[in-house]
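Here are my notes on this model, as numbered points. Please read them with the structure open.

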Amino acid sequence: MSAISTPPLAVVEENLPNGRRSGRTTKIRGVRAGFWVYVGLGVVIVSAIFPYYWSFLIGSGDASTINNPNMSWLPGGNFIANALSVVNDPAVNFWLALWNSIFSSTVIAASVVVFSTLAGWAFAKLRFPGGKWLLAFVVATMAVPMQLGVVPLYILFSDLGWTGQIGAIIVPALTSAFGVFWMTQYLSQTVPDELIEAARVDGASMIRTFWTVGVTAARPAAAMLFLFTFVGAWNQFFWPFIVLDRQSPTLPVALSLLQSNYFVDYSIVLAGVLLATIPLLILFAFAGKQLVSGIMAGAVKG
């Protein structure tokens, strides 16, 4: 007979003499990462951090730093002064642009999560004629670049009198084909049909079933979708640059005004860029747990 081996990821608990469990567990035994795995992770981490450090080096110097062949790899002492120059520049209108970016990105991300979860639940768990074809059409719209719709969109919002207003960048982005596809795939793999049938047998309506079963199961994927959508809306430049004016810009549009002069001071420009990334870093710091749980849930379910 062949010996029964312990699973590579087993957790063994100690038993006390009186039959009670100690509550302590041994270390999980598995395959240890090799040397080249750590080398690869180190390269990825350095590649991700280096652009920020380089921007901080330039942003902490002066106008001549970027053209200095003997530039020091240690930060200078002008970052706060350069950041204050960005904040206090009347042409940039930094605080209004920051509020516009926060408000528009939050509304867009929340709207995409709500509508994508509803549509994903319908496509994943409801049966109706033409559902698969309609989902295929929604996914196919992802292949259409936004630039093709800029002219008719601008004409529409111009006729409505919305040009120059923050609503002109919110309304076209309230839904997302990627979000619908993302939530459809997640809910179809996460929620078993038997659970929905059990809820209906217990007398729950479809809305109640969606709220208690679908929303609960979709939280990790919804958190990831919110993060991705927020970052995409935050970094959006093309459409806000066209439809908004200098009196009410978003942050990327406002920062572009720093390099609209004949002479560009890249130390001030990069200091402004770093200021624009701080809210995103704060968001990822608070939502990192949900992001990791969403990734792990997707890996387990997949």
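1. Thr190 counts as buried, at 17% relative accessibility. Buried here means under 20% relative accessible area, exposed means over 50%, and partly exposed lies in between (1.4 Å probe, protein chains only). Thr190 is found in helix H7. A polar atom of its side chain lies 2.7 Å from the backbone oxygen of Tyr186. Helices (H or I, at least four residues) and strands (E, at least two) are DSSP runs, numbered from the N terminus.

2. A word on the basis. This is a predicted model, in which local features need pLDDT of at least 70, side-chain atom pairs count only at pLDDT 80 or more, and totals for chains, interfaces and linings use all residues. Residues are numbered from 1 along each chain as its sequence is written, and side-chain values use heavy atoms, with hydrogens and water left out.

3. The overall layout comes next. The protein chain has twelve helices and two strands. Along the sequence the pattern is β-β-α-α-α-α-α-α-α-α-α-α-α-α. Of the 302 residues, 35% are buried. The protein chain exposes about 19200 Å², by the Shrake-Rupley method with a 1.4 Å probe, where for residues only the protein chains shown count as cover. Carbon and sulfur atoms supply 67% of that area.

4. Contact means heavy atoms within 4.5 Å. Among contacts in the protein chain with a separation of 6 or more, 68% are between residues 24 or more positions apart.

5. Which residue's side chain does Lys125 meet in a polar contact? The partner is the side chain of Asp193, at 3.1 Å. A polar contact is a pair of N or O atoms within 3.5 Å; within protein, one must be able to donate a hydrogen and the other to accept it, and residues adjacent in sequence count only if both atoms are side-chain atoms. Lys125 lies in helix H3 (residues 94-125). Lys125 is a lysine, yet it is buried, with a relative accessible area of 13%. Leaving aside neighbours within four places in sequence, Lys125 also contacts Leu187, Ser188, Val191, Pro192 and Ile196, among others.

6. Ser101 is also placed in helix H3. Ser101 counts as buried because its relative accessibility is 2%. Leaving aside neighbours within four places in sequence, its contacts are Trp234, Thr250, Leu251 and Pro252. The C-alpha atoms of Ser101 and Ala233 are separated by 8.1 Å, although the two are 132 residues apart along the chain.

7. Look at helix H2 (residues 79-88). Its buried residues are Phe79, Asn82, Ala83, Val86 and Val87. Seen down the axis of H2, they fall within an arc of 140 degrees, so they line one face of the helix. The arc is that of the directions from the helix axis to the C-beta atoms. Ile80 and Asn88 are exposed, on the other side of H2.

8. Gly59 lies in helix H1 (residues 35-59) and counts as buried, at 0% relative accessibility. Not counting residues up to four places away in sequence, Gly59 touches Asn78, Phe79, Asn82, Ser267, Leu270 and Ala271. Leu258 sits in the loop between helix H11 (251-256) and helix H12 (266-301), and is buried at 10% relative accessibility. With the same exclusion, residues up to four places away in sequence, Leu258 touches Val86, Asp89, Val92, Ile268 and Val269.

9. Check the backbone at Asn93. Its phi is near 55 degrees, a positive value in a residue other than glycine. Asn93 lies in the loop between H2 and H3. At 31% relative accessibility, Asn93 counts as partly exposed.

10. Last, the largest pocket. On a 1 Å grid over the protein atoms alone, a pocket is an open set of points where a 1.4 Å probe fits, with protein on both sides within 12 Å along at least five of seven lines; lining residues have an atom within 4 Å of a point. The largest pocket holds about 860 Å³ of space. It is lined by 30 residues, of which Met146, Pro172, Ala173, Thr175 and Ser176 lie nearest its centre. H9 gives the largest share of the lining, six residues.

Methods:
Grid points are joined across faces, edges and corners, and a volume is the space filled by probe spheres set on the points.
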